[in-house]
Structures are given as structure tokens and as C-alpha cells.
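The following account leads the reader through a structure step by step. It begins with a single residue and then widens to the surrounding elements and chains.

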Amino acid sequence: MILLLPVVCPILAGILVLAGKVFRKDRKSLIGVSLAVLVLEAGLTAWALTSGGSLLVWRLTKQMDVSFHVDDISRLFAALTAAVWLLVGIYSVAYMSHEEEEHRFFGYYLIVVGVLMGLNFSANLITMYVFFELMTLTSLPLVLHERSRAAVMAGLKYLFYSVAGAFLALFGIFFLAGTADSLAFTAGGVLTDGMIAGKEGLLLASALCMIVGFGAKAGMFPLHGWLPTAHPVAPACASAVLSGLITKAGVLAVIRVVYFIIGPDRLRGTWVQSVWILLALMTVFMGSMLAYKEPVLKKRLAYSTVSQVSYVMFGLSLLSPVGFVGALSHVVFHSVIKHTLFLAAGAIIVTTGWTRVEQMRGLGRVMPLTLGCYTAASLALIGIPPFSGFVSKWYLASGALSSGTGIWSWAGPAVLLVSALLTAGYLLPLTIQGFFPGHDFKNEEIEKRKLAGKEPSLWMLGPIGVLAAAALLLGCFPQSLVSMIESIAAIVL
Amino acid sequence: MDGMEILIPGICGMGMHLKMDGFRLVYTLIAVLMWGVAGAFSREYMAHYKNKARYYVFFWATFLATVGVFLSADLYTTFIFFEIMSFTSYVWVAFDEKTDSLRAAETYLAVAVLGGMVMLMGLFLLHNVLGTLNMDEIGPAAKAVLEGKETFGNGQAICGAGGFASPKVQLYTAGGLMLFGFGAKAGCFPLHIWLPKAHPVAPAPASALLSGILTKAGVFGVILVSCVMFGNDGGWGLLITGLGLVTMFLGALLAVFSVNLKRTLACSSVSQIGFIMTGIGMSCLLSWAGEGNLLAVRGAFLHMVNHSLIKLVLFLCAGAVFMNLHQLELNDIRGFGRGKPALCFCFLMGALGIGGIPLWNGYVSKTLLHESIVEYAHLLEEGALAGAKAAEMGQGVPAMLLPILTNPAVWKAAEWVFLFTGGMTVAYMVKLFVALFVDRHPVRQAEFDEMSSHYMKPLSRFVLMGAAALLPVLGAAPHLTMDRIADLGQGFFQGTGHAHVIAFFSLTNLKGGLISIGIGAVLYGAVIRQFLMKPETGAEKDGGRCYVNRWPSWLDLENLVYRPVLQVALPGICGAVFGVLDRYVISVPLKVFMAASSVACRAMDHMTDGLVVLMRKTVCRQLPEPKAHLEGNWLAHVLGGMVDGIRLLWEKVSGKRREGQVRISAVHHFIEREKQMKHTGVLVEQSFSFGLILFCIGLCLTLGYLLAVFYQGM
């Protein structure tokens, strides 16, 4: 029963916030209720994760049921979601005061976290698919929030890509439902040789469909197009969670399908694995290249997400324990880092109104602490030790080298390094121009608007600082995380 | 010295492994000394700068990172500290935020990030092949791989299967990539470009550290790769020696032509790193030839130590000049040192040390390096590598390298390059010394002389002179001091053979030094005084006094007269080729690559969207919008047209027509109205007929009832 609470509570609270008239007028009660629910959510999640167990919620038919179960992967994703959601919630309090119709944002914000928890806890493919689609629908209002033409078009694009991806995946689900006895997640897969005899080709095709389909949410080529369109138009806190956590839902879905339903052994060495690696590597390179070319900061970060989430996809596609460790640790690290970056970008926009990188020259005089956190996160994303990105990239590359996938085993690390160089190229200019604008630099705008030393409020700076510190500390002391993931890897591979 | 080791598991994933042994002890002490001296000097030097807090934070952060590099016991730890060091020292270069500094800092960062990433790739490969990054273990493991064994010493099978090539090739690739990364930081030849740019613009204490010890962190890695991994590999030794000789010669050449005090010192650093690299390469070669390589090892190590100490003194002297004059061009600062004995003493100690003058420390290490080349050439002449032995040795080496490795003439030539570079070192140091302390400034000399009493504060003066006094102490009693330092350090280089006491001041050993000094004197007299100077021109002629002809206007010489000539002649062979390499070979393919791939990526980006658009345009085309509904009755058209005309007429007559107003034709109104009427008519018709039907049914029922009643009644 306890498993139901983290899912249902925020959804009910969100509906209440959307429906209640009092929340439209009284900002204090809106903020109070939202934060209280987020704290409660964190507590409930912690309780649910420690008590564990499984729960049958609703039996649709004999073969299809909606049920929850907690394993180590759920723990990892759910804990990450609850913690980050709370921090971004705190940040939103200050950020959203600059926007209209806050109750709508907070309402959907609460609903989405409930849906995400449901996704994390799902015990079989059907449940996961239900919550996956729900997540698309409920997160759509976050993209649409500004209600400008660009936002609506971006929202539609987001919807179309997600739905198209989900339908691709649905084909795979139909095939598997017809083939396997049960679609409950089982480490190592549910298929036996007898079930798929004579249908190997179809199995592989449906596996690729599901990878590409769920990969749409993770921003994997060719269905990555929604990401750079949808993220920049959403409010910064929404783009942060879209980029840092919603994309990870795609990753989770792929993990569940490949490692818990189909089984990694059935894909190892097949053409599906090669295609998957190729797609992931292409995305890695393409994302960072386009980010390097992109002048608008938030869009640049969105392209960076395209690239970085495919680091995770690359790690998963190796189907080796070390690569798996690299992938899952990069899930955590990238989530923390990308939240820092997006929240910092939001703080910059709120304080100065600047959106393009070349406007931000001399930013170090305006908000040195924010820019410092941005820099820490940038170094982490590039993979400079001792920041966290380094650890995951180490595992990814050594996993690739020892994976025995032929040409990919060394082409993969090479692409990762070129991408790391590009990452440095697109993230560091902001730091450099911000802190070293030149000895005779004078920005009249900074003087006229009295921007110098104007850090954002503590509501914003606090979460940014905590996340940046996490990006550093997770890199210095990753041992407990890594050993947890290693134990998962030992089970599934 | 037996070391102690610290292993902190879990830091950054693989754990942090630190170790203390003789080499590390020496370099930790040097780091402490250098940072102490530079820190004390900074108090005066940085007094007038903004952002002092930023400087000091990164100053000490870099200290910690550098010590971390030298203490690291596995390459993973080395890499972590190496990257931290690169990024924190970036702030030094960019510190004063002038355009030059920012440009130089950009180059520095680019080289640092690129070098770091390439090195990381090397570490990945190395880890993949050897399964370990521990410095004590990679030596034996690499040896097992190079000898083509199936397993390592401990029975573990050699990994690297599934790689792109055999473990041996992978190992060489890893070594090459790591050499790239470490060599970039060391300032080794093709990657030295950041050094002459970055050093002049950084604050002087920072340049002293950049040049004196940060480059040594790179050398530390080169030693690891060369001496520990490929300790007795002839081909590798040849590569390192070749790079060393080129670096050494090119750096010295640049220094001879440079007209900026700190730039000259920076180029000199490049050159001295070349000396060290040569020593490292020779140690590989000697060990390959089956001889003890201690001579080369000790020479390389002592030259590292000496260069650190000497460059500390020289750059701080340059700092003393800069903090008074804020200029570094030799023309602007000439004569500054006159009447300043403390500065003169310090600079002279450094100059004599680096010039390899007997009784100063540089002489000792250069003699050892020279001897190592001589010994190798001697071995070849004796035929120690001839016949069967050569065939045996040749197996590990590509065949085309063998003639170079075994030809005594090549190594005679190398020896002369070495001696000639030593000569150039002497020449450019004499040039700097003469400029600073002998020449007079045509205009500001009185002003300079006036500064003599207060150009340096007591603290700076004290630490600088202390550091300078160390150099002759080391050099005058080499057996007491330098031999012991070398004993401490040589273990790290995996030196073999036994150290015999070398009579540094015997005639044979003095000969090499003296030849260099002779070449230097000739170069200074014949080349520098003749070609690199020209008579003073213009209004600055000071009443025909004797110094007029001695000091040329350097910039003129560089830009207008000699530069075109010199680029074709002596350095032209190097200078032009390397300039082209510098400028185009890297940047043009990079630009082409960037342009092409960004186009390709953009295409990929829009592929799916494009597909949808294409389909909308072709197969799934939208149906054409139905044309405006203009059927209707002819009456509606006629009436509507009339109303339109009347309205238009009325508007024209009354002048009420407004621009931009959208007019709806009255025809539509009429058609709409007509449709409405039709619709209503239909409704009415339908309801009427419905009524009729009901009526009929009712009538039929009534008739039937009547009939029934009628029949019953009958």
C-alpha cells in the first residue's frame, strides 16, 4: 500500500491545486501547499523505497495488470527524482513569481512527479507504458506554459514525437505480449529459447523499434527533434526537469525493455546492437556539434542534453557490466549537472534578461556565485576530475574498450573524447567571457541597470549551490553509488 | 629511499594513490621552495593589482595540484591532479585580462584541454591492455606485452582482446597518446606553441612557476612513459631523442631572435626541456644497447632540478624589471640593471647556471647529458652493436630505424647539435645580460639610475638572492650536493648500471662545456652583434656618444629588414615550415571538418522533420481548400453585385472609405441568406410532409375502423 502513496498523493494534490479557486488568488497558500507536498513526497518516497515490496493495483485482464514493485533500479531513479524535484520546486518558487498562472505550473508540476514515481515503480511493461504515456500528456502543459505561439508549436512537436515514439514501442509491446508468458520485469529477461523459436528476426526488429521509440524520450537520433525545440520555450525550471529527469524516463524504459524483458544476451553481437551503438554515437557527436554552433544559451544546453543522454544510451548499448555502471552513474551525474546548468541559465534570464551567450560578457561581475556554480557544473559535464562527469566517462570508455564490440570498442571512446572537447568549447566560453571580460571592459547595461553584484535570491541560489556541490561531491566520493550500480549490473548481466 | 604510500580508495571512482620516494621527495621540496619564494615575491609584485584574492586562491590551488601530480603513484591520480593543475593555472595566464593575455590564455586552455583528453584516451587504452595504472606495475606489465607473452608475470592473461589491434600496437598507441598529452604540458616541440605566448603575459611569479615546475609535471609523465613503460625500446628512445633535439634547437633559435625579456626566457625554457627530453631518450637508447644508462638518467634528472631553480631566479628578475617599468621589450628596458648589484648578482647567477658555465649547476647536468651522447656514439664506434647483437637488438625496432640507431655519424651530429645549442644558450643569455646591465638607455637612463635604491623591497630582495645563491653552491660542489640529489632521484627512472664518480672538472669533461662557451662567444660576437643589431637612428642619437652604434632598434630589424631574409635563410628551413604547420596544418582541416560536420549534423537534425514536410508536400498532400462558396442563386449574384457597387460608389462619393479595412462582398451575404432560406424551406417542407404522413396514417386507421364497424353492423 505504501507504494501507492508517492504516486497518488502528488497527483491528487496537483488536481486540487489546479481546481481550487483559492490557489489562483492566494500565492502564499499555493506555494505552501506545493512545497509541503514536495517535502511529503520526498518522505513518502524514502519510506516506500526502504520498505520495498510489490503491489497489485488493478487487474485489467488476466495477462495485463497494473502493479508496482521496487527494485534497485527503481530505488536509484525514484530517489534521484524525489530529491531533484524538491530542489527544483524550491527554485520555482522564486522563478515562477516572474511568470503568470503559477497555479497551473505547480499543479502539473506535482502531477508529473506522481506519474514519474509510478513509472519508476512499475513492475511490468504494461504499467510502464501506461505511465509513460501519462507522463507525456501531463508534462505537456509545462512546455505550453507561456502560451506563446512558439510554445504551442513546440508543445505540439513534443507531443507528436513522444506519441510517435511510444507507438513505435507499442509495436514491440504487442509482439512481446504475444510471445512471452508474462511481461513482469525479470532481471535477465523473460524470454526463453522455446518462445522465440522461429521468430528471432521479428524479435530483433521489435527490440530496435522499442529502443528507438523509447529513445525518443531520451532524445536519441532520429527522434531527438523535439528536445531542442521544446526545452528553450519552457520556463527554466520546467526545462531543467524535462532535460534532467524526463529524458531519463526514456532511459529507464530502454533499460527495462532491454535488460528486464528481452535480455541483454539476446541482443549482444546482433545487428541491433550495432545500430543502437551507431545511433547513440551519432547523437553524441551531433548534439555537441550543434550545441557548439548554437548562440542561445538554453538551446545550447538542450542540444547538450541530446548529446549527454546518448552517452548513457551508448553505455547501455555496450551490454557490458562496466558500460552499464558508466551509463547509470551518468544518469545520476548528468541529471545533477544539467539541473545546475538550466537553473543557472534561468537565474541569468530572470536577473538580466540575457539569453544569448555573447550578451553575457562580464557576467562574473553581476552574479559571480551563480556563474561559479555554472562553471563547476560545466567542468563536471566536460569530465574534468575530480568532478563527477569524469567518473562516469571513465567507466563508459573502459567499458567500451573491454566490451569486445569490434570497431566500436575504440571508436566509441574516441567519439566521447571529441565530444568532450566540443563540450568544453560550448560551455566554457560563458565562464571565460564572464570572469575575464578584458581589462578595459565596461558594460553600460550593467551600470545603467545597477546589475553589478546582483545575485538571484536565496530561493534560487540555494538549489543551484546544492546541485553544484553535489556535482563535485558525487565525483569525489562516488563509491557507494558505483557499488550499488555494480550490484545491479551483476544481477542483470 | 624507501617510500611510504597512501591509498585512499573510492576517491573519484578508482581511488587515490599517493607515494613518497626519492624523486618525489626532491620535487615536492622544490615545489615548496619555488612556491614559497614566488609567494613571497608576489606580495610586492601583486601589490597594485585588482583581484588579488583570485590570484592567491588559484596560486595555492595550483600548488596543491602540482604536488599531487608529483606524489601520485598511479596514472589515474596523476591525471586527476594534472587536469586540476591545468585549469587552475589557466587563471594565471588570463589574469590581467588584457587582449594579449586572453588570447594567450585561450591557446593555453585549448592545448591543455586537448592534451588532457588525448592523454585520457591513452590512459583508457593503457588500462585496457595492462589492466593496471599503478606506476610500479605498469613497467613489468608493459615488458610482458612487448615481449609478446601471453600472460603477465602474475599469471593474469593479457587483456586488450577485442581491441582494434594486437596488444603491442595498442600499447604503443597508448604511449603515443600519453606522450602527446604530457608533451603538450612540457612544451615539447610540435606542441610548444602555448609556451612563448603564455609566459610573457602571466604575472612574473606565475611565469616562474609555469616554466620552472608546471612544465616538469609534463616531463614527469614523459619519464613515466619513456623510462618506465618503454625503458629499453630503441625506437621509442630515438623518437624521444629526436623530439628532444628538435625542441632544444628550435627553442634556442627562437630565444636568440626574441627581443622580449620574458619571451626569451620562455623560449629558453622550451630549449631546456629539449635537453631533458634528450637525456630521457638517451637513457632508453643506452638501456636498449645493453649498457648502464645512469649517465643519461642522472643528467636528465639533474637538469630538471637545475632548470626549475634557475628559471625561478631568472623569471623573478624579469618580474623585478616589470614591476618597475611595466615593460619587457629589450629596447625599453636596456640599462635598467645598471647600478643595481643585487639584481645583477641574481641575474648573473641564473645566466651562468643556464649557460652551463663550469662551477655553476647547469654545467654539471649538461656535462652528464653530453657524456651520455658521447658514450652512445662511442659504443657504436667500438662496434658493440654490430653483427649478431645488432640483429638481436633489431627485432624490437622497425627495420628502417636501425641504420639511424647504429650509425655513429648520426650521433656525432647529435652531439654537435647539443653543443651548438649550448652555445646558443650562452649567446642569448649574454644578450640579455648585456642589454640589462651593460647598455644604457638613450633617454631614460637617469630615471633608471634613480630607481636603484627602491626598486625592490627587502623581502623580495632577500628571497630572490637566497634562491640565486643556491645555484653556485650546487655547482661548485657537485659531489656533495648534486650527486646526492641524483642518487635520490634515479630510482624513479629505472636507471640501470652503477654510478661511478665523475670528475666534472677534468679536462675531457670541461672540453664540452668550453666548446659550447666558445660557440656562444662566436655566435654573440658574429651573429647577434652583427646581424641582430643595427645602429640607432633618429633623434635618439645622444650627441655622438659612444653607445649610439651599439644598440639597434630591434623592432625595425625584426619587422622590416631581417625578418624576410632570416625566414628564408637560417631559420627559414625551420621557421617557415613550422610556421605553416602551426598556422594551417591544424587549423584548415579543423575548419573544413567543423564546417562539413556541422552541415551534416544540421541535416541529420532536420531529417525527421524534413521527412514529414516532404510527405506533406508529396504523398500526403493536404486537400485543396474548397473555393469560396459562390454557387448560389443568380439572383443573389446580381443583387449582391449591385449592393457592392452601390456601397463602393457611396464610399467613393462620401470619402468614407478607410484604408486597410477588409471588405466582405455582399454577394456572400446574399448567398448565406439564400442558403438560410433554402434550409428553412427544407425544414418547413419536411415538417409539413411529416404532418401529412401522420394525417394519412390517422385517416387510414379511421377508415379501417369505420369499415370494421360497418362490416360488424352488417
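In this predicted model, B:Leu359 counts as partly exposed, because it has 16 C-beta neighbours inside 10 Å, whereas a buried residue would need 20 or more and an exposed one 12 or fewer. The backbone of B:Leu359 has a positive phi of about 85 degrees, although the residue is not a glycine. B:Leu359 is placed in the loop that runs between helix 13 (341-355) and helix 14 (361-382) of chain B.

A:Arg147 is exposed, because 12 other C-beta atoms lie within 10 Å.

The chain A fold as a whole may be taken next. Its secondary structure consists of 22 helices and 2 strands. The C-alpha atoms of chain A occupy a box of roughly 75 × 55 × 40 Å along the principal axes. Of its 493 residues, 62% count as buried. Among contacts in chain A with a separation of 6 or more, 80% are made by residues 24 or more positions apart.

Within this chain, helix 17 can be followed in detail. The buried residues include A:Leu371, A:Tyr374, A:Leu379 and A:Ile382. As a group, the buried residues of helix 17 pack against helix 14 (297-317), helix 15 (321-352), helix 16 (363-366), helix 18 (388-401), helix 19 (407-435) and helix 21 (458-476) of chain A.

The segment that follows helix 17 has backbone features of its own. Just after the helix, A:Gly383 adopts a positive phi of about 100 degrees. Further on, the peptide bond from A:Pro385 to A:Pro386 is cis, with omega near 5 degrees. A:Pro386 lies in the loop between helix 17 and helix 18 of chain A.

The relation between the two chains comes next. Their contact takes 36 residues from chain B and 38 residues from chain A. On the side of chain B that touches chain A, the elements giving two or more residues are helix 3 (75-94), helix 4 (99-130), helix 24 (587-605) and helix 25 (607-617) of chain B. Helix 4 of chain B gives the most to that side, with 11 residues. By residue type, the side of chain B that touches chain A divides into 20 nonpolar, 10 polar and 6 charged residues.

Finally, there is the domain division of chain B. The assignment divides the chain into domain 1 (252-386 + 405-447 + 454-536) and domain 2 (682-714). Taken over C-alpha atoms, the centres of domain 1 and domain 2 of chain B are separated by 130 Å.

Methods:
Residues numbered from 1 in each chain as written. Chains lettered and ligands numbered in written order. Predicted model: local features only at pLDDT ≥ 70, side-chain atom pairs only at ≥ 80, totals over all residues. Helix = DSSP H or I, 4+ residues; strand = E, 2+ residues; numbered from the N terminus. Contact = placed C-beta atoms within 7 Å. Domains from an automatic or database assignment. Nonpolar A, V, L, I, M, F, W, Y, C, P; charged D, E, K, R; others polar.
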